Amino acid sequence: MQHEDIVWKNVFDLLSDGGLSFFGIKAKITAHAKTEYNVVEFQKKIDDRVYLLDDGTFLHLEFQSTSKSADIRRFMLSDAMLVNKENKSVRTIVIYTANIVEAENALVRGSLVYTVENFYMRNFDGDHTYAAIKAKVDRKEGLTKQDLMGLVLIPLMRNSVDLETRIEQSIDLSKMIDEEAQSQIIAMLYVFAEKFIADAERLLKVKEKISMMALGQMLVEDGRKEEKIEIAKNALQEGSPVDFVAKITGLTIEAIKKLKEELNK
């Protein structure tokens with residue numbers, strides 16, 4: 001299983017069964033629409049942020065820390081290809097971090113009109129939300145889906161500390177809740193860390209925190225497996241025998257033979 005599969009499965013679990021109510025969405029997710037299609041440049045694209053709702057429509061979520069005209073064009077292209085392929089309505093919600101005050105929500109080019117819904121996290125007080133959830137955790141009260149969503153989204157809210165610090169604090173707080181909910185929270189925080197932390201040193205620090213937890217260990221193990229597979233592919237392409245490649249990577253003979261077959265194709 002690849003990193004993305006592990007992470008997005010847990011994100012799906014968090015968003016489903018009422019988690020979308022944080023954004024004012026009453027419909028429930030029924031499936032993770034891992035929609036696959038070819039983009040104009042003929043490169044295959046898989047969108048992990050599209051979900052099928054119980055009313056038969058698609059929900060497309062985007063998390064943004066910048067506001068550029070090119071972004072809305074990109075969202076439009078994805079949605080247009082999705083509609084063309086699935087012939088279903090698409091609702092796109094763009095969730096902006098606290099540094100964004102205002103952003104475009106429509107693109108009009110002649111007869112072409114495309115709109116999205118903007119959701120501004122600056123309207124939420126991260127300090128207050130963190131304190132309220134921490135108090136419930138300290139009292140050993142059960143957290144609702146809205147509480148879990150709040151904990152995940154605290155780093156994107158208006159805060160007295162920077163986003164990186166809030167992600168670290170949210171990770172630490174999640175250690176005090178049950179493992180299933182913890183994995184869902186850590187998955188989303190992992191997504192935010194990769195997307196929004198530009199400083200390599202700070203990102204490494206966050207990933208080290210995550211690696212100490214159950215989901216983080218799965219991601220680390222999966223990462224090591226991916227590295228071994230890459231080494232195996234390179235060795236096979238250089239003409240190394242199957243048993244030698246198995247020995248240097250620790251992968252099974254069967255796995256190496258399968259990789260060789262795939263490369264030969």
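Student: How many cavities of 30 Å³ or more are there by this rule, and what makes a set of points a cavity?

Tutor: The count comes to one cavity of 30 Å³ or more. On a 1 Å grid over the protein atoms alone, a cavity is a set of points where a 1.4 Å probe fits but cannot get out, and lining residues have an atom within 4 Å of a point. The largest cavity holds about 40 Å³, a volume being the space filled by probe spheres set on the points, which are joined across faces, edges and corners. A word on the source: this is a predicted model, where local features need pLDDT of at least 70, side-chain atom pairs count only at pLDDT 80 or more, and totals for chains, interfaces and linings use all residues. Residues are numbered from 1 along each chain as its sequence is written, and side-chain values use heavy atoms, with hydrogens and water left out.

Student: Which residues line the largest cavity?

Tutor: The lining consists of S67, K68, D71, I72, F75, Y96, A103 and E104. Helix α2 (residues 69-86) gives the largest share, three residues; helices (H or I, at least four residues) and strands (E, at least two) are DSSP runs, numbered from the N terminus.

Student: Why is the F22 and F119 pair called tilted?

Tutor: Rings of Phe, Tyr and Trp (its six-membered ring) pair if their centres lie within 6.5 Å; planes under 30 degrees apart count as stacked, over 60 as edge-to-face and the rest as tilted. F22 and F119 are 6.4 Å apart centre to centre with 50° between the planes, so the pair is tilted. F22 sits in the loop between α1 (3-15) and β1 (29-32), while F119 is in strand β9 (residues 117-120), 97 residues apart.

Student: Why is D162 called partly exposed?

Tutor: Because its relative accessibility is 35%. R202, at 24%, is partly exposed too.

Note on methods
On a 1 Å grid over the protein atoms alone, a cavity is a set of points where a 1.4 Å probe fits but cannot get out, and a pocket is an open set with protein on both sides within 12 Å along at least five of seven lines; lining residues have an atom within 4 Å of a point. Buried means under 20% relative accessible area, exposed over 50%, partly exposed in between (1.4 Å probe, protein chains only).
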